[in-house]
Amino acid sequence: MITATTPQPTKIKPGKMLIDGKWADSLSGKTFETINPATGEVITKIAEGDKEDVALAVKAARKAFEVGPWPKMDARDRGKILAKVAELIMKNLEELAVMETVDSGKPITQSRKGDVPYTAETFFYYAGWPDKIHGETIPVRGNYFNYTLREPVGVVGQIIPWNFPLVLASWKLGPALACGNTVVLKPSKLAPLTCLRLGELFMEAGLPEGVLNILTGSGETVGTAIAQHPGIDVVALTGETITGKSIMRNAADTLKRVSMELGGKSPNIVFADADIESAIKGSLFGIFFNQGECCNAGSRLLLEKKLHDEFIEKMTTFANKLKVGDTLDPETEIGPLISQGQFNKVIRYIEEGKKEGCRLACGGEPLGGKGYFIKPTIFDNVKNDMKIAREEIFGPVLATVTFKDIDEAIEAGNLSDYGLAAGVWTRDIRKAHLVARRLRAGTVWINTYAAFDPASPFGGYKQSGFGREQGIHSLELYTQVKSVWVNLE
Ligand code: NAD
């Protein structure tokens, strides 16, 4: 229910694209509507870009890279602009939080306390990097002076999804810009608003024209054109595994560097010797945070057999109490799914789970009324080979499987095409580290779930992708090394 204290979205203006420092309609003049998933209502219209708009943006980014001040600027001054953006994000926190919530459906408290401050933190973190990115001197044989330069790669295409628009924009823009590259960024059609506002904040912070270009439009047109364009040197995607495969094929002809942050079906393993109360809390957070629309969602709960009954009973009691509904109510814990399409997909998986003979422990149905809400859903008695245990659902649906010992837990944990993240809950420190080592996942959380920090790397094993974002590791993608030889004879 909307209360007197609930912030109202400011009237959000139609979205234009940022090309060469100017806000522009698409060349075709076409637009699309962005929808509030909590109500199904249109928020505003957004310019619908196409291949020709990509060509303009790449031209601007190329010029900004070849002749503009950005790559040559004193490194610390580049850092100052990133720091300024971080400050502006915090200054505009409330506006950005409401915008993120109405566009993507995440609860307002999450936007206020999580997404927006974390975005600023990421820019603060990368603001400290530019003057620390440097080469080496190498003691080669012979009378030479050999050293390396670590240089920006050039023009970077960055394609991001709708589940964390601001956060994921910062994970991509922070390191790419810190290294001195120029960027063509494409947010998702389903939640483009905050990325466009972020573009305004970059301009306000003094980013030179053409360094950041933001294109709105579909993956098939704008995304494909970014992957194929010969003027782009690197393409970095966060999205579905199938999208990653298509981008890799399209980028192959121009031999672009690619980075892939893709889907997941992460196991969350609870041993009987865990602190049960915190394991329940962490497991609920792991699957239901952001409505389960998280790449790292702990969507497979692997429970030691002897713990099963107590754990499921307590967990479902808590799940039934989670507050689902009005995204602008500060008390709300679970918002709607992003779209009618995503809602239909999740409902299909729930039906599939029932058909496969799993026990529905709680949820399993829409909330009813307006918006794309589905109640937190826990399936019990799931087998590792069932569809709901193998495929990424990307909604508030948990599949519970039991195991009898550590080997069975590790085997089940690794039984996936994905390898993005995993959770381990136990009081036995030896067991915790052993399991962490044997799991094939890019991140393992021990006695916690979904802890993040801009300084710590994140990325996938197996079909969850490759390349790492955040921390020092992200700088690899956005720099290249030049070896310089000087004859001292
Ligand atoms: P998506 O793959 O459908 O879209 C992601 C982006 O790619 C969008 O901007 C989209 O327009 C674009 N795109 C779609 N098809 C394209 C194509 N053929 N060529 C070029 N671009 C294309 O994903 P989504 O539904 O927006 O997001 C959910 C997915 O993202 C999930 O699979 C989730 O696991 C993944 N994800 C991964 C991470 C991570 O860090 N590994 C983080 C968040 C989300």
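Leaving aside neighbours within four places in sequence, Asn36 is in contact (heavy atoms within 4.5 Å) with Glu41, Ile43 and Val102. Asn36 is found in strand β3, residues 31-36, and it counts as buried because its relative accessibility is 13%, where buried means under 20% relative accessible area, exposed over 50% and partly exposed in between, with a 1.4 Å probe and protein chains only.

This is a predicted model, in which local features need pLDDT of at least 70 and side-chain atom pairs count only at pLDDT 80 or more, while totals for chains, interfaces and linings use all residues. Residues are numbered from 1 along each chain as its sequence is written, and side-chain values use heavy atoms, leaving out hydrogens and water.

**The open sheet**

- Seven strands form an open sheet with mixed pairing, in the order β14-β15-β16-β13-β12-β18-β19; strands (E, at least two residues) and helices (H or I, at least four) are DSSP runs numbered from the N terminus, and two strands pair if DSSP finds at least two bridges between them.
- The edge strands, each pairing on one side only, are β14 (359-362) and β19 (443-446).
- From one strand to the next, the twist averages 25 degrees.
- Strands β15 (residues 377-380) and β16 (residues 397-403) run parallel and are joined by three bridges; Ile378 has Leu398 in β16 as its bridge partner.

**Helices on the sheet**

- Helix α13 (residues 406-414) lies across β12 (267-270), β13 (300-304) and β16, running at about 170 degrees to β13; axes are lines fitted to C-alpha atoms, for helices over the stretch in contact, and angles run from 0 to 180 degrees between N-to-C directions.
- Helix α14 (residues 429-438) lies across β12, β18 (421-425) and β19, at about 165 degrees to β19.

**A helix pair**

- The axes of α4 (residues 108-127) and α5 come within 9 Å and cross at roughly 10 degrees.
- The two helices α4 and α5 are therefore roughly parallel to each other, as angles under 35 degrees count as roughly parallel, over 145 as roughly antiparallel, 65 to 115 as roughly perpendicular and the rest as oblique.

**Nonpolar cores**

- The largest nonpolar core has 93 residues, and Leu173, Phe202 and Phe311 have the most contacts inside it; such a core is a set of buried Ala, Val, Leu, Ile, Met, Phe, Trp, Tyr and Cys residues joined through side-chain atoms within 4.5 Å.
- Helix α5 (residues 165-178) gives the largest share of this core, nine residues.
- Apart from this core lies another, of 30 residues, including Val346 and Tyr349.
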